[in-house]
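Here are my notes for your first look at this model. Keep the structure open and go through the points in order.

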Amino acid sequence: MSRNGSKNECKVQKQAAQRKEKPRKPDARVERTRHRLGYALIELIVEKPINDVTVQDVLDRAQVGRSTFYLHYRDKDDLLVSQLEMFLERMSTALSTRKEKSNRVVAVEEMFAHIGNQNKLYRVLADSGHLKEFFDLAEGYFARGIERRLAESGRLAKFPQRELAARASALSGSLLSLMRWWLDRGEKETPRAMDEMFHRMVWNGLQ
């Protein structure tokens with residue numbers, strides 16, 4: 001092989017490696033389509049029982065073609081789980097993402113404010129049997145998010161990694177129990193008050 005050929009081959013290999021190193025940005029059109037489908041589904045299941053909602057209903061509301069839907073999702077349950085995961089990912093990592101300098105381990109105020117505004121959706125998920133699925137997903141997401149925040153705080157450096165993960169898992173369960181309690185009692189306390197209550201529990205327990 002000539003020297004020029006060898007140089008060209010190295011250049012191609014280098015460019016391929018760079019493409020692997022740099023994650024591809026989400027396609028804006030794909031993101032818009034997913035958002036429209038998700039929003040359409042949420043609107044529909046608030047209006048009528050989820051079992052009465054069809055994929056065609058979602059397509060009509062979102063003005064998206066059937067082939068496009070099945071390019072991204074298997075069925076409406078897959079779409080619903082995807083929407084729940086997107087919400088949980090955003091909420092569980094919010095503080096780390098914006099590098100908030102505080103002792104908070106979860107954006108409780110923001111999450112409770114959002115869920116409180118979507119209380120009808122909470123009831124829909126409960127009535128349709130999907131609420132357990134939501135809480136099962138949430139426990140894992142918040143356990144990972146809390147563990148990350150505890151590590152970032154530097155206040156628990158003496159704890160072994162395994163114990164830190166165990167405590168984060170316990171705190172995640174406590175957070176979700178607190179949220180159930182708040183919603184089932186009619187949201188009498190403000191989201192900020194619930195945030196303060198949760199974090200008193202967090203740091204009193206860890207100390």
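1. Start with the core. This is a predicted model. Its largest nonpolar core has 56 residues. Leu-37, Ile-45, Met-111, Phe-142 and Met-179 have the most contacts inside this core. In soluble globular proteins, nonpolar side chains tend to be buried together.

2. Now pick Met-179. Which residues does Met-179 touch, leaving out those up to four places away in sequence? They are Met-111, Phe-112, Ile-115, Phe-134 and Phe-135. Met-111 also belongs to the group with the most contacts inside the core, as does Met-179 itself.

3. Look next at how two helices meet. The axes of α2 (residues 28-47) and α8 (residues 119-128) come within 9 Å and cross at roughly 75 degrees. Angles of 65 to 115 degrees count as roughly perpendicular, and therefore α2 and α8 are roughly perpendicular to each other. On the α2 side, Ile-42, Ile-45 and Val-46 make the contact. On the α8 side, Lys-120, Leu-121 and Val-124 do. By class, that gives five nonpolar residues, no polar ones and one charged.

4. Turn to the aromatic rings. A pair of aromatic rings is described by the distance of the centres and the angle of the planes. The model has four aromatic pairs. In one of them, Phe-69 and Tyr-73 have ring centres 5.7 Å apart and planes at 50 degrees, so the pair is tilted. Phe-69 is buried, at 0% relative accessible area. Tyr-73 is buried too, at 5%. Ring pairs also join Phe-69, Tyr-70 and Tyr-73 into a cluster.

5. Compare another pair. Phe-134 and Phe-135 are edge-to-face, with 5.4 Å from centre to centre and 75 degrees between the planes. Phe-134 is buried, with a relative accessible area of 7%. Phe-135 counts as buried at 5%. Both residues are touched by Met-179.

6. Finish with the backbone. Most residues other than glycine have a negative phi, and most peptide bonds are trans. Where does Gln-63 lie? Gln-63 is in the loop between α3 and α4 (66-72), and its phi is positive, near 55 degrees. Gln-63 is exposed, at 67% relative accessible area. Glu-187 also has a positive phi, near 55 degrees. Glu-187 sits in the loop between α10 and α11. Its relative accessibility is 24%, so Glu-187 counts as partly exposed.

Terms used: Residues are numbered from 1 along each chain as its sequence is written. This is a predicted model: local features need pLDDT of at least 70, side-chain atom pairs count only at pLDDT 80 or more; totals for chains, interfaces and linings use all residues. Side-chain values use heavy atoms; hydrogens and water are left out. Axes are lines fitted to C-alpha atoms, for helices over the stretch in contact, and angles run from 0 to 180 degrees between N-to-C directions. Helices (H or I, at least four residues) and strands (E, at least two) are DSSP runs, numbered from the N terminus. Angles under 35 degrees count as roughly parallel, over 145 as roughly antiparallel, 65 to 115 as roughly perpendicular and the rest as oblique. Contact means heavy atoms within 4.5 Å. Ala, Val, Leu, Ile, Met, Phe, Trp, Tyr, Cys and Pro count as nonpolar, Asp, Glu, Lys and Arg as charged, and the others, Gly among them, as polar. A nonpolar core is a set of buried Ala, Val, Leu, Ile, Met, Phe, Trp, Tyr and Cys residues joined through side-chain atoms within 4.5 Å. Buried means under 20% relative accessible area, exposed over 50%, partly exposed in between (1.4 Å probe, protein chains only). Rings of Phe, Tyr and Trp (its six-membered ring) pair if their centres lie within 6.5 Å; planes under 30 degrees apart count as stacked, over 60 as edge-to-face and the rest as tilted.
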